[in-house]
Amino acid sequence: MATIEECRTALEKLSDKMREADGDVRQAAAMDRSVSCHVTDLDVTFTGRMTDGRIHVDDTLQGPPPQKAQIRLAMTGDDLVALVDGELNFAKAWGAGRVRLEAGLRDLFHLRKLL
């Protein structure tokens, strides 16, 4: 089972990948939105903001997110690490219910370029 530190590192790695992207992916990453990532097996939520092509994690909280972020992810820590490392396909994981993504319709259209 992935630790809180490994999950935070995975989010930082995802942020770095977004920053290095170009074309449509870079444009999608440039959104300015509040984000939360609930790591279900650890019952921890990372909250922050996606802005300037990066994810800035501001806080780590126990339990589910206390406020509804504009972009919300939920998954196990192992799945988060595997997704970021390229070992787990987002579409397959989402289709199998291993990953939950909630956002407004317009945001989902932008995010599909990232995922």
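Visitor: What should I know before I start?

Guide: Residues are numbered from 1 along each chain as its sequence is written. In this predicted model, local features need pLDDT of at least 70 and side-chain atom pairs pLDDT 80 or more, while totals for chains, interfaces and linings use all residues, and side-chain values use heavy atoms, without hydrogens and water.

Visitor: In what order do the five strands form the sheet?

Guide: Strands are DSSP runs (E, at least two residues), helices likewise (H or I, at least four), numbered from the N terminus. Two strands pair if DSSP finds at least two bridges between them. Here the order is 3-2-1-4-5, in an open sheet with mixed pairing. Strand 3 (54-62) and strand 5 are the edges. Strand 4 and strand 5 pair antiparallel over four bridges.

Visitor: Which residues touch the most other members of the largest nonpolar core?

Guide: A nonpolar core is a set of buried Ala, Val, Leu, Ile, Met, Phe, Trp, Tyr and Cys residues joined through side-chain atoms within 4.5 Å. Buried means under 20% relative accessible area (1.4 Å probe, protein chains only). This core has 27 residues, and Cys7, Met50, Ile71, Leu80 and Leu111 touch the most other members.

Visitor: How many disulfides are there?

Guide: A disulfide is a pair of cysteine sulfur atoms within 2.5 Å. The count is zero. The sulfur of Cys7 is too far for a bond, because the closest cysteine sulfur, in Cys37, is 7.4 Å away. Cys7 counts as buried, at 0% relative accessibility. Cys37 is buried too, at 4%.

Methods:
Buried < 20%, exposed > 50% of the residue type's maximum accessible area, 1.4 Å probe, protein only.
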